[in-house]
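These are my notebook entries on a single chain, written while I looked up how its parts pack together.

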Amino acid sequence: MAENQTRRSFLQNLGVGLGTTAAAFTIPSLVSIPESKPKYEGKKLGIALVGLGSYAKNQLAVGLEQTPNCYLAGIVTGTPAKAEEWMKKYNIPKKNVYNYQTFDQIADNKDIDIVYVVLPNSMHHEYVIRAAKAGKHVMCEKPMANSVKDCQEMIKACKDAGVQLGIGYRMHFEPFTKEIIRMSREKVFGNVKFINSNFGFTIGDPTQWRLKKAMAGGGPLMDVGVYCVQGARYITGKEPLAVTAQFGPITDPTRFKDVEESLSWQFDFPDAVTVNGFTSYKTNIEQLFATYEQGFIHLSPAYSYGPIKGRTSQGELNLPIVHHQANMLEAIAREFQETKMFPAHISGEEGLKDMKYLTAIYEAAQTGKKISLV
Ligand code: NAD
C-alpha cells in the first residue's frame with residue numbers, strides 16, 4: 001500500500017490525474033504534464049522576451065535552453081549592447097531583435113508565437129496590449145499590472161485580438177506546490193483551518209524601480225506578497241471574503257519614501273479559515289504553513305527559485321527539484337500545442353483576481369477598516 005501511495009503521489013505530482021478533481025477549485029485545474037517526455041516532432045514555439053533584466057536573463061532565458069517544445073526566438077530591448085550579447089549567446093537572428101520603437105513590427109514575424117513581457121510592473125499594461133494588437137499570444141510577469149483597470153484592459157485587448165494571455169505563476173507547476181495542493185484538495189489531513197504565508201527579502205539599491213510607486217505599483221506586497229495571496233488561494237481553492245491589514249513601521253526612510261516597507265494582512269476565507277499574510281523589503285522570510293483538522297503542511301522556502309523544501313505532519317516531502325521557469329514554460333508550450341490555449345489557472349482573469357485582493361489589502365491598511373471582497 002505504501003508503494004501504491006508513493007506511486008500515486010508521484011504521478012499526481014507530475015500532474016497525472018489532477019484534471020477532474022480540480023474542477024471544484026476556484027483556481028482552475030492544474031496542467032497535466034505527461035509522465036515521460038515523448039520526443040516532440042512539431043514546430044517548437046518561438047518566445048520573444050521583452051525586457052532583458054534580471055529575471056529574463058538569469059531565469060527565463062536559462063529555462064528556455066532546457067525546454068524541448070519552446071525556445072528563445074526573439075528579444076526586445078532598448079540597449080543595443082544587450083542585443084549584440086544575446087544574439088551571440090542564443091543564436092538569435094537580427095530580424096528577431098526589436099527595440100521599444102520597432103516592437104509593433106513583431107506582428108510580421110512568423111518565428112514569434114508568444115511575447116513574454118518581463119518589464120517593470122507599470123509597463124506590463126502597454127506591452128501586453130501592444131503584443132495582443134500585433135496578434136501574438138502573451139505571457140506577462142506578476143503582478144499582472146498596477147491596477148484593476150489596467151488588468152481589465154489587458155484581458156479585453158487579448159480577447160479582442162483572439163490571443164491567449166497568461167501570467168507567469170511558476171509555482172503552479174512546481175512539484176512541492178502541486179503536492180500540497182493535492183493534499184489539500186483530497187483532504188489528506190481533513191479541512192484546512194489556518195494558513196500563515198510570508199514572503200519578504202532585504203532590498204538593495206535604493207534607486208531601483210521596485211521602490212518607486214509609479215513603476216512598481218507599491219512595495220513588497222506587489223512584488224512578493226502576491227505569492228502569499230496566491231498560496232492562500234491555491235491551498236484553500238477558494239476566494240477570500242474580507243480583509244484587514246496594517247502597514248509596518250518605516251525603519252529606513254531613505255528607501256521607503258514612496259512604498260511600504262512591510263505589511264501584514266488577515267484574510268477571512270469561507271468555512272472560517274483565517275489567513276495571516278506578511279510581506280517585507282526588510283525581512284528575509286519565506287514560508288507557507290497550513291494547519292488542517294488532523295495535520296499540517298509547511299513549505300520553506302515556499303516561493304523563491306528553490307530548491308523548495310517541505311514537510312507535513314507525515315514527514316519530509318521528497319520530490320523532484322525542477323528549474324521553475326523551464327518547467328513552467330514547457331508545461332505551457334505543451335498545453336498550447338495540444339489545445340491552442342494556455343492553462344486556465346494562469347489566465348489573465350486569475351491575475352485580475354489577485355490584483356483586486358492586493359488593492360483591497362492596501363485599502364484596508366490605509367483606512368483601518370475591514371474590506372469586504374464579496
Ligand atoms: P529588472 O529591473 O532586472 O529588469 C527590468 C528590465 O526592464 C531591464 O532590462 C530594463 O532595462 C527594462 N526597462 C525598460 N524600460 C524601463 C524603465 N523605464 N525603467 C526600468 N527598467 C526598464 O527587473 P526584473 O527583476 O527582471 O523584473 C521584471 C518583471 O519580472 C517584474 O514585473 C517582476 O515582478 C517580474 N519578476 C518575476 C519573478 C518571478 O519569479 N516570477 C522574479 C523576478 C521578477
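Predicted model: local features only at pLDDT ≥ 70, side-chain atom pairs only at ≥ 80, totals over all residues.

**Entry 1, α4 and α5.** I looked up helix α4 (residues 124-133) and helix α5 (residues 148-161), whose axes come within 9 Å and cross at roughly 5°. That angle makes α4 roughly parallel to α5, since angles under 35 degrees count as roughly parallel, over 145 as roughly antiparallel, 65 to 115 as roughly perpendicular and the rest as oblique. On the α4 side the contact is made by His124, His125, Val128, Ile129 and Ala132, and on the α5 side by Asp150, Glu153, Met154, Ala157, Cys158 and Ala161. I note the terms here: contact means heavy atoms within 4.5 Å; axes are lines fitted to C-alpha atoms, for helices over the stretch in contact, with angles running from 0 to 180 degrees between N-to-C directions; helices (H or I, at least four residues) and strands (E, at least two) are DSSP runs, numbered from the N terminus.

Residues are numbered from 1 along each chain as its sequence is written, and side-chain values use heavy atoms, with hydrogens and water left out.

I find 10 helices and 15 strands in the protein chain. Buried residues make up 56% of its 374 residues, where buried means under 20% relative accessible area, exposed over 50% and partly exposed in between (1.4 Å probe, protein chains only). Of the contacts in the protein chain with a separation of 6 or more, 71% are between residues 24 or more positions apart.

Which residues have the most contacts inside the largest nonpolar core? They are Leu49, Tyr116 and Trp265, in a core of 108 residues; a nonpolar core is a set of buried Ala, Val, Leu, Ile, Met, Phe, Trp, Tyr and Cys residues joined through side-chain atoms within 4.5 Å. Helix α8 (residues 220-236) gives the largest share of this core, 10 residues. Domain 1 (45-167) and domain 2 (171-322 + 346-372) both give residues to this core, so it lies between them; the domain bounds come from an automatic or database domain assignment. I then followed Tyr116, which, leaving aside its neighbours within four places in sequence, is in contact with residues including Leu49, Tyr55, Met139, Gly168 and Met328. A second, separate core of 5 residues includes Ile203, Leu211, Val259 and Tyr281.

α8 packs against helix α10 (residues 348-367) at an angle of about 110°, with the axes 10 Å apart. The two helices are therefore roughly perpendicular to each other. Among the residues making the contact are Leu221, Met222 and Val226 of α8, and Met355, Leu358 and Ile361 of α10.

Helix α2 (residues 54-63) and helix α3 (residues 80-90) pack at an angle of about 20°, their axes 13 Å apart, which makes α2 roughly parallel to α3. Ala56, Lys57, Ala61 and Val62 in α2 meet Glu85, Trp86 and Tyr90 in α3. I also looked up Leu72, in strand β2 (residues 70-76), which counts as buried at 8% relative accessibility. Leaving aside its neighbours within four places in sequence, Leu72 is in contact with Ile47, Leu49, Ala61, Leu64, Trp86, Tyr90 and Ile92.

Another joins Ser300 and Pro301, with omega about -5°, and Pro301 is found in the loop between β12 (295-299) and β13 (310-312). I also noted Asn91, a residue other than glycine with a positive phi near 55°, in the loop between α3 and β3 (97-98); Asn91 is exposed, with a relative accessible area of 69%. Asp271, not a glycine, has a positive phi of about 65°, lies in the loop between β9 (262-269) and β10 (273-280), and counts as exposed at 60% relative accessibility.
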